[in-house]
Amino acid sequence: MNPEEMMKKARAAVFIKNNGKILRGINMIGTDYNNLASIRSALNMDKDEFADSVNYLIESEFVRIRSVYTEAEAELADYPMDELEGKLTAKGVQLLYGRISDPCVDN
């Protein structure tokens, strides 16, 4: 295996672990919306890796986000992370409790 392939596999493994870590982190904090920047800080995650994983979790409908200020549904690309809050969807809870699976989430 060449170094480029090794890096690609390592990044994929980190992405999958981060997705699970974020879901568990959101779940541990509670059922209400929680500030995404605070979750990132609590999990001590790299900003770009966190954003990549949150984007995947949103697109997969495991997490729902909204604006901290207006409480209106929001798009990740339209706001800074500290102005967004998120919570698990029913599908996200199902994933965490093993009722469904996703190949890109390590739970």
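1. S67 is buried, with a relative accessible area of 1% (buried is under 20%, exposed over 50%, partly exposed in between; 1.4 Å probe, protein chains only). This is a predicted model, where local features need pLDDT of at least 70, side-chain atom pairs count only at pLDDT 80 or more, and totals for chains, interfaces and linings use all residues. Residues are numbered from 1 along each chain as its sequence is written, and side-chain values use heavy atoms, without hydrogens and water.

2. S67 sits in strand β2 (strands are DSSP runs of E, at least two residues; helices are runs of H or I, at least four; both are numbered from the N terminus). A polar atom of the S67 side chain lies 3.2 Å from the backbone nitrogen of Y69. Beyond its neighbours within four places in sequence, S67 is in contact (heavy atoms within 4.5 Å) with A72, A74, Y79, E83, L84 and E85.

3. The whole structure holds one aromatic pair (ring centres of Phe, Tyr or the six-membered ring of Trp within 6.5 Å; planes under 30 degrees apart are stacked, over 60 edge-to-face, the rest tilted). F15 and Y56 form it, edge-to-face, 5.5 Å centre to centre with 75° between the planes. F15 is in helix α1 (residues 3-29) and Y56 in helix α3, 41 residues apart. F15 is partly exposed, at 23% relative accessibility.

4. Which elements each supply at least two residues of the lining of the largest pocket? They are α3 (47-59) and β2 (63-67).

Notes:
A polar contact is a pair of N or O atoms within 3.5 Å; within protein, one must be able to donate a hydrogen and the other to accept it, and residues adjacent in sequence count only if both atoms are side-chain atoms.
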